[in-house]
Amino acid sequence: MKHSILTHLLGPRSAFDGGLYLPDRKAGLARRPIQTFHAEGPLHVPLTVRRDLLTETIVRVGDRVVLGQALSRATNDQSVGVHAPASGVITKIERVWTVEDGFLPGAILAPDGSNERMPQHQGWDDESIIVQLAECGVVCDIPRAPLHVVMREAIAAGVTDLIVNAMETEPYLTADLRTLVEFPGRMIDATCELADALGVSRAILAVPFRHRRVVRRLQSEAAGRYVEIVALSNPYPQCHPVMLLKAVLDREVAPGASILSEDAVVLPLSTVRRASDALLSDLPTTHALMTIAGDAVEHAGTYRVPIGTPMSRLARRVGVAVPAAQAVYGGPLTGSALGYDDAVVTPDSKALLLFAKADAARPVPCVRCGWCIEDCPVGIDPPSLMRLESEMVCTDQKRIALKACIECGLCSHVCPSRLPLSETIIRNRIRFAGPEPSTEGGTRH
Amino acid sequence: MTPDVPWLASESALRGDAPHRRGVSTHRHILRTWIAAASVVGLAGCALFGVDALRVILVSLVFTFGVDLMFVMSLRRASSGRLSRTFLIGILAGLTLPADVDWHVAATCGTVSAVVGNVIFGGWLHPALIGRVFVQFLFWQKLSFAGASIALGPVLTAANLFVGDLDQSVRVEHYEGWLETTVPAPADAFELTPPLWSLRQFAQGQVPVDGNFRFEPLLRDEMPPWIDTLIGAVPGGIGETSTLSIVIVGFFLIYRGYLKWQLPVAVLSAAFVAASILPVESGGDYVWFPVFAAEGGRAVGLAYVLYHLTAGQLMLGAFLLAGDVVSSPMRAHGHVVFGIGIGVLTIFMRLYGVLECECYWAILIMNVFVGTIDRFTSRRVLGTAPSEDAVAA
């Protein structure tokens, strides 16, 4: 990819209307290498990855398990099993709280600190990549589903392009960036493997242009491979699959439709990282790579955390400078509140942010500044949709707009009147445009 | 690891909706910045017109704010940012008035701004301008040029900035420019023809031609040097004249993102084009494209057009009045249309209209069309055909 001198100085142009360059707050954070937390104290491991995916528990109380041993097994081909994140003894079978799915069946694992692991087979070649992904329990972040299910759907839809999403334009988040810095070759290799399995004609790795050394390193790693490195400008929400598809391939997803309908599949880099462990090292998913940051955290950084670690232990482990007034699971703009004190880490956890001050302000009437309309990445009119709150009927026009919303939260973020715009739109989408459109297209990031 | 230190300040740390972090610019920041910007222009006005200017601004501010405060208190509700805007409206209303008006003119202007503009219309027509055009009709003897054979307004000399008294003014015979003008000891100020009045007279063919020269008599005999209209040392409203200070605070507002640059650019370029094209009556016939006029080897037409931009209320309108958040369109595209409307209407009304305060009228007229403009500049929803959003909800 050749750039002119001007592009080198200023970066590429933004590829969609709207969006905003947020202060990224990654400066010191992204320089610290990934550190691994070893399990201390009991792990509350959820035995399934999503509430509606059924698994069969194959361990009993009192069993000794080793790192990577299966704790549960899929009962159908839509589901995946969960593997032990540490070696130790199962002390209890009881429900655990996860942020995205609420209570899930779980196992309490008391680690013995031996770090004994399952023997690795080197001979999975006779099975397909998809079977290997299913056996290693690899899950995809967006859509939230096991990766082998996502891949099967993509193959059935006949996708022609694979985009690996390493944009990560939300503030604070550094997991993808650190992965690219530390394992560029593995990411390229895994992308090639996944592209092979999908049978796509183009495999694209989208990375932020502003990290130029990372881009150059990836380009040299990808030389001679068929993975294309595409360096993009990174206004928020360039990280969203819909915006990425617009930026990379200039295809627009119809409101509420799936990305697969545009013959492309977008996989987050975190998913590719888990797939690389499964495909290149035959390691099941046992850890989550999380950014732990925020102004209440003493040692912010990117951490490899065993699944089932309670968030409270995570927070104490990195050091809490002041008690957090707000704890966020995920990015600052799209994440969720923890909801419950003893939420645990799941395979797709990406961040825990602790803030010393809650960002709450009293909303005042709209002043018609138009900032939300200018910055909206999909071109909808948030104030008019907010008025739906007090209305009983919804025009087709507004229903399309509700479906087109990608829930990036930018309208609420920029609103000088502090109106709950995106919150209201999400509520009214459920009210007027039916349930979540699909697991694929415009769901939360 | 210290297990006994609480990691959460309270239970509420676990609740809340996305987004969890908000941007830093709240309506308070926007209004404070706007109030500061208007105050800087007011300060420039106080320098040029003395203590009288401060008195007019304060009276207008007190009445606007006081009346709206009474209304808000009678509602028994929190003002939720409304009073900050009223404060800004009060200053802006003062800036549009000349410094030598009586206090009851400023008081009426402020009261009407609050009652009619804010309470009755709810702010969607610029409230300060409603008050201003109201007093223009009510106190026409003082504020209007109508019927006067020669209009005059006082300006402080450069030696008497801030402290001079506008009442102690004398007429000067040979006016060479503000910096060169001195007045005898008891007087602090001199009287001058407002350039806006001269321009209007000229457009109506009232300035006699001098041989082949049509524009030269206006520029030579009637108008002050162009640099004076930049500094603001010409008669007019307190905040209208000082182009330099308006542009500086306007750039600051644009830099902070509280004013869209498209608006002043659209207003001024539209006014430039309109003044360049629209004909003026001179010596019994109409001169089209006055911008191309050249007399005696000088580009007098261009000078004439530049006077149109800086001499009247256009600068204050383009940077501080039209950009009012509530009464302007939502999108930048809309601001372009809105600005073009203001610029063209202003010049048209100045050349051929009978209403004075033409820029204020132009802004009020365009305020009426803001809803229409918003409708036709709505954005296309991603993934839909362009034709679908033609029927904006």
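**Domain packing and chain contacts in the predicted model**

In this predicted model, the C-alpha centres of domain 1 of chain B and domain 2 of chain B lie 23 Å apart. The domain assignment of chain B places domain 1 at residues 27-143 and domain 2 at residues 195-376. Where the two domains meet, the contact draws on 34 residues from domain 1 of chain B and on 37 residues from domain 2 of chain B. Together, domain 1 of chain B and domain 2 of chain B bury about 2900 Å², and 77% of this area is on carbon and sulfur atoms. On the side of domain 1 of chain B, the residues that lose the most area to domain 2 of chain B are W34(B), V41(B) and L129(B), which together account for 22% of what that side buries.

Polar features are also found between domain 1 and domain 2 of chain B, where the count is 7 residue pairs in polar contact, both residues being at pLDDT 80 or more. The elements that give two or more residues to the side of domain 1 of chain B that touches domain 2 of chain B are α1 (27-49), α2 (51-75), α3 (82-95) and α5 (127-138) of chain B. Of these, α1(B) gives the most, with 12 residues. Sorted by class, this side of domain 1 of chain B has 24 nonpolar, 8 polar and 2 charged residues. The count of salt bridges between the two domains is 1, and the side chains of D324(B) and R85(B) meet in a salt bridge with an N to O distance of 2.8 Å.

Chain A is assigned four domains, namely domain 1 (5-28 + 129-281), domain 2 (43-111), domain 3 (286-355) and domain 4 (371-432). The C-alpha centres of domain 2 of chain A and domain 4 of chain A lie 39 Å apart. Chain A also holds an open sheet of 4 strands, which follow the order β2-β7-β6-β4 with antiparallel pairing. The edges of this sheet are formed by β2 (43-46) and β4 (64-65) of chain A, each of which pairs on one side only. Strand β6 (residues 88-98) of chain A and strand β7 (residues 102-111) of chain A pair in the antiparallel sense over 10 bridges, and K92(A) stands opposite I108(A) in β7(A).

Turning to the contact between the chains, 50 residues from chain B and 72 residues from chain A take part. Chain B and chain A bury about 5000 Å² between them, with 56% of the area on carbon and sulfur atoms. In chain B, the residues that lose the most area to chain A are W7(B), R21(B) and R22(B), together 20% of what that side buries.

Across the interface of chain B and chain A, 4 salt bridges are found. The side chains of E374(A) and R331(B) meet in a salt bridge, with an N to O distance of 3.6 Å. On the side of chain B that touches chain A, α1 and α16 (370-376) of chain B each supply at least two residues, and the largest share, 3 residues, comes from α1(B). By class, this side of chain B comprises 24 nonpolar, 14 polar and 12 charged residues.

Key. Residues are numbered from 1 along each chain as its sequence is written. Chains are lettered from A and ligands numbered from 1 in the order in which they are written. This is a predicted model: local features need pLDDT of at least 70, side-chain atom pairs count only at pLDDT 80 or more; totals for chains, interfaces and linings use all residues. Side-chain values use heavy atoms; hydrogens and water are left out. Domain bounds come from an automatic or database domain assignment. Contact means heavy atoms within 4.5 Å. Buried area is the accessible area (1.4 Å probe) that two parts lose on being put together, summed over both. A polar contact is a pair of N or O atoms within 3.5 Å; within protein, one must be able to donate a hydrogen and the other to accept it, and residues adjacent in sequence count only if both atoms are side-chain atoms. Ala, Val, Leu, Ile, Met, Phe, Trp, Tyr, Cys and Pro count as nonpolar, Asp, Glu, Lys and Arg as charged, and the others, Gly among them, as polar. Two strands pair if DSSP finds at least two bridges between them.
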